[in-house]
Amino acid sequence: MLFGNIDRNEKGELLFAGHSVTELAAQYGTPLYLMDEQRIRDNCRIYTQAFRENFPEGSMPLYASKACCFVQLCRIAEEEGMGLDVVSAGELFTAMKAGFPAERIHFHGNVKKDEEIDYAISCGVGTFVVDNPDELEALQKRAEAAGVVQNILLRITPGIDPHTYVAVNTGTVDSKFGSAIETGQAEEIIRRAEALPNVHVTGLHCHVGSMVFDEDVFERTVAVMVSFLAEMERSLGRKLEFLNLGGGYGVRYIKDGKKVNIAEKISDVAQALKACCAEEGIEVPKIQMEPGRSIVADAGMTVYTVGSVKRLDGFKNFAAVDGGMTDNPRYVLYGSEYTVLHVTKNGVKARFDLVGRCCESGDIIQPKVMLPADTCRGDLIAVCVTGAYNYSMASNYNRVGRPPVVMLTKDGSYVAVKRESLFDLSRLDQ
Ligand SMILES: *Cc1c(COP(=O)(O)O)cnc(C)c1O
């Protein structure tokens with residue numbers, strides 16, 4: 001079984017979470033996002049259990065909803081006892097629609113508009129993660145106007161390079177996110193916040209990047225952050241309750257790709273944390289982490305129908321499908337790897353570039369994939385591990401509607417997000 005939820009039946013047809021992909025495509029049409037609900041829940045439980053076992057009471061993993069955000073997913077995260085990260089009024093509105101408890105929501109992002117700040121305050125969002133001094137001043141004003149004292153974490157840049165793809169590195173000094181320890185700006189923003197009457201600093205936040213596989217990235221981060229936290233506690237003369245270590249554990253996209261044992265990693269982080277706190281002589285803070293990708297990526301699969309096959313003998317073959325960069329821009333953005341499977345045929349293989357329907361030569365889902373040589377128009381193709389940063393990054397380029405999201409459960413399937421209709425696509429046009 002591939003990735004623990006992909007298999008073939010005796011006829012060689014693809015099964016996802018135990019369901020026939022052919023039947024799902026017939027029932028819901030293509031392109032189609034499928035999500036294995038139990039896998040999402042299991043991924044949440046890896047974090048909630050590891051947190052219970054390793055960190056002080058009051059610690060909490062938060063699902064970074066930007067990885068994939070819709071109402072039903074927020075409900076699932078809620079039921080699994082996760083907190084929730086949002087970065088915009090749109091994500092926050094979705095969470096509120098799902099009935100997500102506002103006190104377990106963190107409002108993130110390096111640009112928060114005044115009206116978004118007002119909206120989040122009016123929702124009762126538990127924590128703002130403040131990125132920069134401009135935001136801090138704006139939040140002070142809005143919180144004062146609303147007559148509240150808003151709990152905040154300050155986003156600190158620890159100066160750690162997680163050695164992942166450059167577009168997803170966020171922890172280095174020259175990052176656009178947060179205030180750097182190295183430049184003195186981190187200390188400055190903490191002092192400034194401490195002096196403001198309508199914000200209350202409950203702790204520090206950092207996030208070093210995405211697709212983290214390196215052994216000791218979080219341990220190095222813990223070392224830097226704990227020593228800075230201790231320094232700040234001494235100079236402020238009070239305890240900072242929370243340390244948020246951000247998200248970023250990598251996931252396996254291809255069969256032989258690296259896989260992180262998250263439960264083990266969290267226990268390693270906890271060891272490092274305890275050692276660092278003991279050395280600094282401070283109490284272990286309550287820990288938060290913000291997994292996005294590792295909650296939803298391997299719960300997702302995208303199913304397409306082949307629209308045309310082109311064979312350029314001596315050059316290459318193309319298989320073009322009824323979706324593309326509109327539903328999965330990740331190869332275009334990052335050169336991301338994917339596992340591509342033919343849904344019904346298992347025969348002799350030839351090399352294809354799997355491309356989309358958009359008017360861009362760069363509209364490639366995955367180059368150089370091995371598919372049956374007789375792949376033809378009308379065949380179904382599955383792209384695996386598409387649960388993260390696919391639906392949430394989808395666009396309407398070429399006025400292509402976004403695919404529906406269909407949830408798979410033990411007993412059946414249900415639509416969690418409807419297919420975008422032609423009417424939906426033009427509904428805002430005057
Ligand atoms: C993107 C992001 C996350 C989630 O990262 P993943 O790689 O999806 O786990 C968490 N926290 C912050 C601040 C982020 O920007």
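Which residue forms a salt bridge with D118? In this predicted model, the partner is R142, and the closest N and O atoms of the pair lie 2.8 Å apart. R142 sits in helix 6 (residues 133-146) and D118 in helix 5 (residues 114-123), so the bridge ties together parts that are 24 residues apart in sequence. R142 is partly exposed, with a relative accessible area of 27%. D118 is also partly exposed, at 27% relative accessibility.

The total by this rule is 20 salt bridges. D216 and R220 form one of them, with 3.5 Å between the closest N and O atoms. D216 is partly exposed at 34% relative accessibility. R220 is partly exposed as well, with a relative accessible area of 30%. A further bridge joins K345 to D374, the closest N and O atoms being 4.0 Å apart. This pair links distant parts of the chain, 29 residues apart. K345 lies in the loop between strand 16 (340-342) and strand 17 (349-355). D374 lies in the loop between strand 18 (364-372) and strand 19. K345 is partly exposed at 23% relative accessibility, and D374 is partly exposed at 48%. Elsewhere, salt bridges that share partners join E37, R41, R45, E79 and E80 into one network.

The domain assignment gives domain 1 (6-36 + 297-426) and domain 2 (108-291). Eight residues from domain 1 and eight residues from domain 2 take part in the contact. Taken over C-alpha atoms, the domain centres are separated by 36 Å. The area buried between the two domains is about 740 Å². Carbon and sulfur atoms give 59% of that area. On the domain 1 side, Y334, E337 and V385 lose the most area to domain 2. Together these residues account for 53% of what that side buries. The side of domain 1 that touches domain 2 comprises five nonpolar residues, one polar residue and two charged residues.

Y331 belongs to helix 11 (residues 330-334). Y331 is partly exposed, with a relative accessible area of 24%. Not counting residues up to four places away in sequence, Y331 touches S336, I364, I365, Q366 and P367. The C-alpha atoms of Y331 and H342 are 19 Å apart, at a separation of eleven residues along the chain.

S179 is placed in strand 10 (residues 179-180). At 5% relative accessibility, S179 counts as buried, because that value is under 20%. Its contacts, leaving aside neighbours within four places in sequence, are D131, R155, I156, T157, Q185, A186 and I189.

Several backbone features were also identified. A cis peptide bond joins T30 and P31, with omega about -10 degrees. P31 lies in the loop between helix 1 (21-28) and strand 4 (32-36). Y389 is a residue other than glycine with a positive phi, near 55 degrees. Y389 is found in the loop between strand 19 (380-384) and strand 20 (405-408). R399 also lies in the loop between strand 19 and strand 20. Its phi is positive, about 50 degrees, although R399 is not a glycine. Y389 counts as buried at 10% relative accessibility, whereas R399 is partly exposed, with a relative accessible area of 47%.

Note on methods: Residues are numbered from 1 along each chain as its sequence is written. This is a predicted model: local features need pLDDT of at least 70, side-chain atom pairs count only at pLDDT 80 or more; totals for chains, interfaces and linings use all residues. Side-chain values use heavy atoms; hydrogens and water are left out. Helices (H or I, at least four residues) and strands (E, at least two) are DSSP runs, numbered from the N terminus. Buried means under 20% relative accessible area, exposed over 50%, partly exposed in between (1.4 Å probe, protein chains only). Contact means heavy atoms within 4.5 Å. Domain bounds come from an automatic or database domain assignment. Buried area is the accessible area (1.4 Å probe) that two parts lose on being put together, summed over both. Ala, Val, Leu, Ile, Met, Phe, Trp, Tyr, Cys and Pro count as nonpolar, Asp, Glu, Lys and Arg as charged, and the others, Gly among them, as polar. A salt bridge is a side-chain nitrogen of Lys or Arg within 4 Å of a carboxyl oxygen of Asp or Glu.
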